[in-house]
Amino acid sequence: MRLVLRGITKRFGATVASDGISLTVEPGEIHCLLGENGAGKSTLMNVLYGLYHADSGDIEIDGEVRRFSGPGDAMAAGIGMVHQHFMLIGVFTVAENVMLGNEPTGFAGRLDLDAARARVTEISARFGFNVDPDALIEDLPVGVQQRVEIIKALSRDAELLVFDEPTAVLTPQETDELMEIMRQLKASGKAIVFITHKLREVREVADRITVIRLGKVVGEAAPTASNAELASMMVGRPVELVVSKSAPRLGDEALVVDDLRVVDATGHVHVDGISFSVRAGEVLAVAGVQGNGQTELTEAILGLQDRVSGSIRLHGTELVGRSVRAILESEVGFIPEDRQVDGLVPAFTIAENLMLNRSFSSPFVKNGVVLIGALRDFAETTMTAYDIRARDIDTLAGNLSGGNQQKVVVARELSRDLKLLVAAQPTRGVDVGSIEFIHKQIVAARDSGVPVLLVSTELDEVVALADRIMVLYRGRVVAIVPPDTPRETLGLMMTGDRPEDVVA
Amino acid sequence: MSDMTANEVVEAPAPEPPQPGRTHSVLYRIAAGNALSGVLAVVLAFLVGSVMIAATDPAVRETAGYFFARPSDFFGALGMAVGGAYEAMFRGAVFNARADTLAGQVRPLTETLKYAAPLILAGLGVGVGFRAGLFNIGGRGQMLLAGAAAGWVGFAFDLPAIVHIPLAILAGIAVGALWGALAGVLKARTGAHEVIVTIMLNYVAYYLLLYALSRKFLLQAPGSSNPQSAPMAQSAILPKILGDQYNLHLGLLLALVAVAAVWWLLNRSTLGYRIRAVGLNPHAARAAGVSVGRTYTQVMAIAGGLVGLAGINQVLGTVTSGITADLDAGIGFDAITVALLGRSRPVGILLAGLLFGAFKAGGFTMQTSQDISVDLVLVVQSLIVLFLAAPPLVRAIFRLPRKEAM
């Protein structure tokens, strides 16, 4: 299928999310859409998928202009979408999920599960997916679940597949496997649109690269372009991709975690007896695929988990069993992994968000009254110091871009005295320019002697910031290794292999 | 949601993040609506009300029978019915040009203010709960028990007015706050949904009060077999603020003070800041060290105290002949409507309370002078909320631009 998007414009109020974007995708081609979060990639694809109506512009498929009033139309026209967050039902089998919305039915509406199963098996065999049609989705690893999404699209005879940030949830190995799948799909003549902001992946599989910034196409690039070239096209200025930091000046052991266990309400063990320590002035980076206990580990340190055993001592003071407020008041800074949920009140202004964890005592509160003057002064200086780009301090946090939202969180946490910084996914969904800034702030905190516990699923980030790397797998520590450990080794460790097996 | 986040959230066909539960997002939607949609909802409700007035008017129906023969008759009757109804409402609620004296002419306005006071007080109580993300349906129970407590102090003691009135009010507030806090504690400690708990507590309060009102050793008036207490002592009755010729009493001033106090609480105090944070994003509030459960309890105590003031207003001011089990007069539920229309903002609730007070005052005149059932007013009130809860409907009717990015 040959897809031509011509002058697609989509406005939301005063914002132009997609500003006359034109794009051609040929069959048998992997076309990368590269751009920062909020650049308009997803908006463009949602127009293509019939979720939004373009204000102007045409969608042309094989020379014919089409209008989609919903995803159903787009699917019927041969467009398949592999979403970043899977649209699968956990307690259904693979075959049941694949046929959902398109159920093969026999006499009197009888569900023909065998036909669906056969279809899965056939597609799976054709592309070497190795997926069991009768497996329950919830039992499958994330990488396989993603293949189910691909099968779903292919089972509806998709000729053009859109992958929206598909590697965000994958291990490095799974990412490699996905790249292989994309090449196979391409070889069988499918057209592929690959949306991402990860430069390495783009250069690996793309046939053509279109860079989008602020809703506009800023140019095309060849897959041979360097990371630095692509990054500066994305951001619109030269970007420092490597975090410069000096050797750590190590202090005493500040945070000591001993035999920590975290269990949830259903009895599921998320953190399974882990022990480690972080010294003042170092960054201990926790690497691992999402969902291997990192969230529960950071929440346990902050007192946000209820069923915790073992010990977490900060400068000798036990934190387990204390309230969140007490822990924050013992000078623990926390950048939560999901800023929209745990980090910000989107309907609050920037200023109001900056005092979120200081609503009990000075400097913004006296005798139960908010000192609005002090808060506003603080917000003004902080906005400048942390480069928060917004009209003014009364802008609602929810109206900021991801990067600026995160800078509000970072500013709030780093602008007070800290004895420990817990940073979970500090740059997830953040643009390249802001990543650079946030990384510098974290390194600055470390250099000022603050112990930093960094959790990241991005290997690039782990390697860039870590003084030591701790790999978690299924709630246990696989190993704690130096930062110059090869990426392949780290990748294998993230699947649970011990380093001895690898190094040998 | 903003256009920026739209880009991130819209992979799914249903862009609403499901996080804090259904009532929560409905409340948020209503609270986030702009003042325009409130005004339009009122206008729309009046229009629908007009249709109903017309449809039930005998003259309109009769002239409709020969509409094509003489349409002017039909439109004349229509104008008479609708115009007459709303004119009567205005006459009963704001200004009566037919009265002989100026005092008589402005009397309707004072009646409106009298009816508005408890609606504003109870509306503030419900509104404060909304701001913390809590749906307080327990207004009735909170009014009943607070009114009973204030009333008991009001008839059982013999004190100078300067002591008696404040004491009765404080007793009422305390009991209302405790009754409200009970629901808050249950939610905080056990996770029981506040809607269920407050509804059930309404029944508990009602039957408790009924029991007490039919037992001589508790609240029942001596020598009476009715479930009613003795009348208030003269020293406990809220003074009439415009002299004895009007029914308007101190309750209105209490309501105005409460509006200012709640505004200050929400916008200037740290407690109010935490209440808003919990209401808008309990996850972030918790991660920032705020005890969500404790905040729920505090909010429900404040809400109970404010709603309780409405009950106190009734017992000590409006109907001083003694405590009864229906002293709430439906205000506990009307307060929900008032808080929704006022978008849970103190000033909004003040205006909404005045409007609903006017409905009450005007509704009676409409019934007596135009023979239009007072129930019609209730229908209009209900329609206002219905239109508020369905902004897309109002936008479609008035052809306002669609908000796709939301």
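Begin the tour in chain A by selecting four strands that form an open sheet, in the order E12-E11-E14-E15, with antiparallel pairing. Strands here are DSSP runs of type E with at least two residues, helices are DSSP runs of type H or I with at least four, and both are numbered from the N terminus. Two strands are said to pair if DSSP finds at least two bridges between them. Strand E12 (269–279) and strand E15 (317–318) of chain A stand at the edges with a single partner strand each, so one side of each has no neighbour in the sheet.

Before going on, please note that this is a predicted model, in which local features need pLDDT of at least 70 and side-chain atom pairs count only at pLDDT 80 or more, while totals for chains, interfaces and linings use all residues. Residues are numbered from 1 along each chain as its sequence is written, and chains are lettered from A and ligands numbered from 1 in the order in which they are written.

Next, select strand E11 (residues 253–263) of chain A together with E12(A), which pair in the antiparallel sense over eight bridges. Within this stretch, A:Arg261 stands opposite A:Asp272 in E12(A).

Angles run from 0 to 180 degrees between N-to-C directions, and axes are lines fitted to C-alpha atoms, for helices over the stretch in contact. Nine of the nine residues of H9(A) are buried, so this helix is largely enclosed by the rest of the structure. A residue is buried if 20 or more other C-beta atoms, placed from the backbone, lie within 10 Å of its own. Among the buried residues of H9(A) are A:Gln294, A:Glu296, A:Leu297 and A:Ile301.

Strand E1 (residues 3–12) and strand E4 (residues 56–61) of chain A pair over five bridges in the antiparallel sense, and A:Leu5 stands opposite A:Ile59 in E4(A).

Then colour chain A by its domains, domain 1 (3–235) and domain 2 (253–346 + 399–503), whose bounds come from an automatic or database domain assignment. Their centres, taken over C-alpha atoms, are separated by 32 Å. The contact takes 10 residues from domain 1 and 14 residues from domain 2 of chain A, where two residues are in contact if their C-beta atoms, placed from the backbone, lie within 7 Å.

Finally, turn to chain B, whose secondary structure comes to 17 helices and zero strands. Of its 406 residues, 52% are buried. Select helix H10 (residues 251–268) and helix H15 (residues 346–370) of chain B, which pack at an angle of about 155° with their axes 9 Å apart. These two helices are therefore roughly antiparallel to each other, a term used for angles over 145 degrees. Their contact is made by B:Val259, B:Val262 and B:Trp263 of H10(B) and B:Pro346, B:Val347 and B:Leu350 of H15(B).

Note on methods:
Parallel < 35°, antiparallel > 145°, perpendicular 65-115°, else oblique. Buried ≥ 20, exposed ≤ 12 C-beta atoms within 10 Å, placed from the backbone.
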